[in-house]
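Dear colleague,

I am passing on the structure we spoke about, and below it I have set out what was found there. Please read the notes with the sequence and the model side by side.

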Amino acid sequence: MTQRVPLLPALSGSVVLLMGTSLPTALAETASSASTAEQQEILERLRERQQEEQERWRRFGDVEVDWKSWKPFDSHPYVWITPWRRAVTRPTAIGGLSWPSTPDTNPKGSIPDRALAVNCRDMTINRKRAGSNWGDWRVPAVGTPAEQLLLTACSSLSS
């Protein structure tokens, strides 16, 4: 036989809950779960930003290409340019985090300081480094990151 005990209001001003937990403890647990929910929301936002960065900067060898910034080059519909940056740098790092050099934009023109160009008609690739001019158009070697870049760029830019 189960004996029923009436719930009595607490005399000290805090309510005693069924399991003997006081109100301040219950509030702390609620705040802790709210903090966990807030951390989970922040983690989800971080994952979204990481996905956006991964979609924007695609890595080919030691170079990352700004995949969302491809633009036709002047009046050549088969030549496309985009900024690039080094994928790995030595200067500043925190744990597994490093800051690649970001391409500067040239205020006098539409070509970034570090630009990569693909010619989808001739199947060649070119690169402009910061503070210098364009190099020679080259056909990438078989099995290289440059070949993969050219194939991926031309197949996605043509469609």
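In which strand does Arg85 lie? Arg85 belongs to strand S4, which covers residues 76-86; please keep in mind, here and throughout, that this is a predicted model. Arg85 has a relative accessible area of 12%, and because buried means under 20%, Arg85 counts as buried. Its side chain takes part in a polar contact, at 2.7 Å, with the side chain of Glu64.

As for the overall layout, the protein has 2 helices and 8 strands, and from the N terminus on the order of these elements is α-β-β-β-β-β-β-β-β-α. Of the 159 residues in the protein, 25% are buried.

Thr152 is found in helix H2, which spans residues 145-158. Is Thr152 buried or exposed? With a relative accessibility of 19%, Thr152 is classed as buried, since the cut-off for that class is under 20%. The side chain of Thr152 also reaches the backbone oxygen of Gln148, at 2.7 Å.

Definitions and conventions. Residues are numbered from 1 along each chain as its sequence is written. This is a predicted model: local features need pLDDT of at least 70, side-chain atom pairs count only at pLDDT 80 or more; totals for chains, interfaces and linings use all residues. Side-chain values use heavy atoms; hydrogens and water are left out. Helices (H or I, at least four residues) and strands (E, at least two) are DSSP runs, numbered from the N terminus. Buried means under 20% relative accessible area, exposed over 50%, partly exposed in between (1.4 Å probe, protein chains only). A polar contact is a pair of N or O atoms within 3.5 Å; within protein, one must be able to donate a hydrogen and the other to accept it, and residues adjacent in sequence count only if both atoms are side-chain atoms.
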